[in-house]
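Subject: Structure for your review, with notes on pockets, salt bridges and contacts

Dear colleague,

Please find the structure below, followed by my notes on what was found in it. I would be glad if you read the two side by side.

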Amino acid sequence: MQQKARAFAPATVANLCCGFDILGVAVEKPGDVVTVTMIDQPGVFINNIVGDAGRLPRQVNKNTCSVAVQSYLQAVDRTDVGVAVELFKYLPLGSGMGSSAASAVAALVAVNQLFGNPLSKLELLPHAVEAERIACGSAHADNVAPSLLGGFVLVRGYQPLDVATVPTGLDLFVGLIHPHIELKTEDSRKVLKPMVTLREAITQNGNVAGLVLGLVTDNAPLIGRSLRDVFAEPYRSDFIPGFEHAKKAAIAEGALGFGISGSGPSLFVLATSDAFARQGAQAVQEAFNSVQLSSDVFVSKVNQQGAFVLHDSGN
Ligand code: HSE
């Protein structure tokens with residue numbers, strides 16, 4: 001058996017506007033890296049966390065990596081062994097970029113490698129969802145599923161968990177704009193209305209269908225028209241200074257669509273070229289600048305691979 005393994009898991013844009021809790025897409029970068037090492041003492045241990053300024057929980061039952069690894073060890077019936085976890089945190093916390101999900105997914109892909117990959121990626125998914133429940137108070141899969149599998153992913157159902165990749169022949173690009181404010185998913189979910197009207201459900205359903213159909217049939221304008229959200233954006237956008245201005249500017253600069261990434265405060269643009277994604281993201285950054293809010297921009301292609309084992313020696 002291997003003694004050590006390392007894996008990378010990418011950031012994700014959950015919801016994709018209309019697909020609240022059911023759609024997400026992975027980006028190429030940034031992402032988190034986790035190293036797991038076999039140790040003599042049975043149990044799961046957090047050895048080190050780099051890059052979180054000491055803010056993530058070190059308690060094994062509260063940290064997304066260790067919760068995922070514990071759940072995995074139970075599934076493969078190896079609670080007799082000892083695993084030490086080291087997290088290299090590159091994703092900002094409370095950003096809406098699937099930060100907690102990426103840590104859990106990287107830990108699972110690494111520990112699975114350690115045991116010779118007895119579980120498929122799909123079989124790893126419930127353990128990542130369990131970690132998400134601990135991290136955010138909600139067992140949503142629209143970050144963990146794309147981070148694990150790559151591409152656009154649909155969570156068709158939760159009981160039982162049923163996910164499917166949405167194929168597309170389009171080469172799409174994502175710009176993520178992370179303003180330097182934090183928003184906890186838990187808080188961002190509290191502002192949502194527990195009920196929606198029939199009219200809102202019809203609007204949202206039409207857009208989900210349009211988005212999926214647009215992806216499958218390579219119909220970029222249909223994708224663009226479908227990137228709308230009446231469930232969460234009307235309430236969550238209040239948390240994001242300059243939101244309306246950013247939205248107009250991104251679309252004017254050629255982005256196919258724009259929205260809140262996951263539970264925010266990061267925003268995303270989806271575009272048909274690297275140049276449009278960069279222009280759209282820059283327009284959003286300028287909108288943030290105009291309200292004295294600094295931000296970081298990440299632009300990359302849609303990630304088709306999802307999380308993977310790292311074989312080099314860097315972090
Ligand atoms: N679907 C989740 C939400 C994603 O919007 O609350 C959290 O990143």
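A definition is needed before anything else: on a 1 Å grid over the protein atoms alone, a pocket is an open set of points with protein on both sides within 12 Å along at least five of seven lines, whereas a cavity is a set of points where a 1.4 Å probe fits but cannot get out, and lining residues are those with an atom within 4 Å of a point. Please keep in mind that this is a predicted model, in which local features need pLDDT of at least 70 and side-chain atom pairs count only at pLDDT 80 or more, while totals for chains, interfaces and linings use all residues. Residues are numbered from 1 along each chain as its sequence is written, and side-chain values use heavy atoms, with hydrogens and water left out.

**Pockets**

The largest pocket is lined by 39 residues, and those nearest its centre are Gly 94, Ser 100, Ala 135, Cys 136 and Thr 185. The space in this pocket comes to about 730 Å³, where a volume is the space filled by probe spheres set on the grid points, which are joined across faces, edges and corners.

Helices and strands are named here as DSSP runs numbered from the N terminus, a helix being H or I with at least four residues and a strand being E with at least two. At least two lining residues of the largest pocket come from each of helix H2 (99–114), helix H3 (121–136) and helix H5 (185–190), and H5 provides the largest share, five residues. By class, the lining has 11 nonpolar, 15 polar and 13 charged residues, where Ala, Val, Leu, Ile, Met, Phe, Trp, Tyr, Cys and Pro count as nonpolar, Asp, Glu, Lys and Arg as charged, and the others, Gly among them, as polar.

The second largest pocket has a volume of about 170 Å³, and the residues that line it include Arg 228, Asp 229, Glu 233 and Lys 247. Helix H9 (243–252) and strand E8 (257–260) are the elements that give two or more residues to this lining, which consists of four nonpolar, two polar and four charged residues.

**The cavity**

Among the residues lining the largest cavity are Asn 15, Cys 17, Asp 229, Glu 233 and Arg 236, and the elements that supply two or more lining residues are helix H8 (233–236) and E8.

**Salt bridges**

If a salt bridge is taken as a side-chain nitrogen of Lys or Arg within 4 Å of a carboxyl oxygen of Asp or Glu, the count comes to 11. In one of them, Glu 182 and Arg 55 meet at 2.7 Å, N to O. Glu 182 lies in the loop between strand E7 (173–179) and H5, and Arg 55 in the loop between strand E3 (43–50) and helix H1 (64–75), so this pair ties together parts that are 127 residues apart in sequence.

Asp 171 and Lys 301 form another, with their closest N and O atoms 4.0 Å apart. Because Asp 171 is in the loop between strand E6 (161–166) and E7 while Lys 301 is in strand E10 (residues 295–301), the pair joins parts that are 130 residues apart in sequence.

Asp 274 and Arg 278 also meet in a salt bridge, at 2.8 Å from N to O, and these two residues, four apart in helix H10 (residues 274–290), are separated by about one helical turn.

Gly 175, which is found in strand E7, is buried at 0% relative accessible area, where buried means under 20%, exposed over 50% and partly exposed in between (1.4 Å probe, protein chains only). Gly 175 and Phe 268 are 93 residues apart in sequence, yet their C-alpha atoms are 5.5 Å apart in space. Gln 113, in helix H2, also counts as buried, at 14% relative accessibility. Leaving out residues up to four places away in sequence, Gln 113 is in contact (heavy atoms within 4.5 Å) with Gln 2, Ala 5, Val 309 and His 311.

With kind regards
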